[in-house]
Amino acid sequence: MKTFTLNNGDRWKGIGLGTWKSKPGEVEKAVYEALKCGYRHIDCAFIYMNQKEIGNAFKKAFNEGIVKREELWVTSKLWNNSHKKEHVIPALKKTLNDLQLNYLDLYLIHWPIAFKNEFINATKPEHYVSLNEVPIAKTWEGMEDTKDLGLAKHIGVSNFSIKKLDALYQKAQKFKPEVNQIELHPFLQQQNLWDYCKSKNILVTAYSPLGSGDRSDYIKSENEPSLLQNKTILEIATKYNSTPGQILIAWHLNRGNLVIPKSTNTARIKENFNAKDIIIGQEDMETIKTLNQNFRYVKSKIFTIPGNGYTNIYDE
Ligand code: A2P
């Protein structure tokens, strides 16, 4: 498995199990099966509302000797309602409590968007707070504190554009962001953002690598293109004697970024993990490059309410 090395020498396995959309009743088994089959990187977030169940899976796997804590990489994310500096550590402690862990390997600011603390879901403009009021640089100071306290080994961001990431990079005093987790797949290759991250030694993790077909309807658009049924991906899958899902996952490792496919199905969890051994030839990488169409599955409209002040989250 391709691994990625952080500035302090820590190593991080390129394929992780995604848990966005994994139902609480299914995720415990999924994480446990993933750990049994060899996954050592699990991606979580407060807002996925399933961290307690994931914590149960970790506990079981540790107790049974399947994996030791120090062999496992666990990422989680700060939710939008905890951006005020004084809310960061309490939010992380709640996450650690749910996951039954003493520390995270990585803590990310989930979105460059702030809600008032009392609203987990912001459904009205007045539930939002502007980034002038709660600047990302201040939230970042809270993130730096989590690292100082040993509660998170590494800190980073998610869904940040070049503009927002560079502003933070310039302002970050103590620790620079080490990771940006973004939507990434052959239809949305984000080459400029990818190159920017590379130039600053910021690792990139790809979410929705398979097109997140299990998103709720309100995050879906009409006539979305399908990655898993794309003709070119199907042809390349046949050529490598693999599945479309495996090619979509292997593409990331071959390109040079991490990837977190979500599954709660034991067979597909294994299938996705086995993408680790696929080396895609240069010519086929070039062919996949031509599939880019700047198509997002997770549109910024999910946070756009007239009057809430957030109109162009991705700066595009
Ligand atoms: P399931 O959980 O039943 O396996 P993404 O990682 O882009 O968010 O996509 C997750 C979606 O893709 C889920 O609906 C998941 O269903 C499905 N999925 C996961 N792995 C595969 C695979 N190898 N082939 C096809 N679909 C997959």
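**Residues at the contact of helices H7 and H8 in the predicted model.** From H7, the residues Ile 233, Leu 234, Ile 236 and Ala 237 take part. Their partners in H8 are Pro 244, Ile 247 and Leu 248. Sorted by class, this contact holds 7 nonpolar residues, with no polar and no charged ones.

**Crossing of helices H7 and H8.** H7 spans residues 231-239 and H8 spans residues 244-255. Their axes approach to within 8 Å and cross at roughly 95 degrees. Because angles of 65 to 115 degrees count as roughly perpendicular, H7 is described as roughly perpendicular to H8.

**Residues around the ligand.** The ligand is surrounded by 16 residues. The closest are Ser 212, Lys 262, Ser 263, Arg 268 and Asn 272. By class, the shell consists of 4 nonpolar, 7 polar and 5 charged residues.

For Ser 263, a side-chain N or O atom is 2.6 Å from an oxygen atom of the ligand. In the side chain of Lys 21, an N or O atom is 3.0 Å from a ligand oxygen atom. Asp 214 places a polar side-chain atom 3.4 Å from an oxygen atom of the ligand. On its own the ligand has 570 Å² of accessible area, and the protein covers 84% of that area.

Note on methods. Residues are numbered from 1 along each chain as its sequence is written. This is a predicted model: local features need pLDDT of at least 70, side-chain atom pairs count only at pLDDT 80 or more; totals for chains, interfaces and linings use all residues. Side-chain values use heavy atoms; hydrogens and water are left out. Axes are lines fitted to C-alpha atoms, for helices over the stretch in contact, and angles run from 0 to 180 degrees between N-to-C directions. Helices (H or I, at least four residues) and strands (E, at least two) are DSSP runs, numbered from the N terminus. Angles under 35 degrees count as roughly parallel, over 145 as roughly antiparallel, 65 to 115 as roughly perpendicular and the rest as oblique. Contact means heavy atoms within 4.5 Å. Ala, Val, Leu, Ile, Met, Phe, Trp, Tyr, Cys and Pro count as nonpolar, Asp, Glu, Lys and Arg as charged, and the others, Gly among them, as polar. A residue is near a molecule or strand if one of its heavy atoms lies within 4 Å of it. A polar contact is a pair of N or O atoms within 3.5 Å; within protein, one must be able to donate a hydrogen and the other to accept it, and residues adjacent in sequence count only if both atoms are side-chain atoms. Accessible areas come from the Shrake-Rupley method with a 1.4 Å probe; for residues, only the protein chains shown count as cover.
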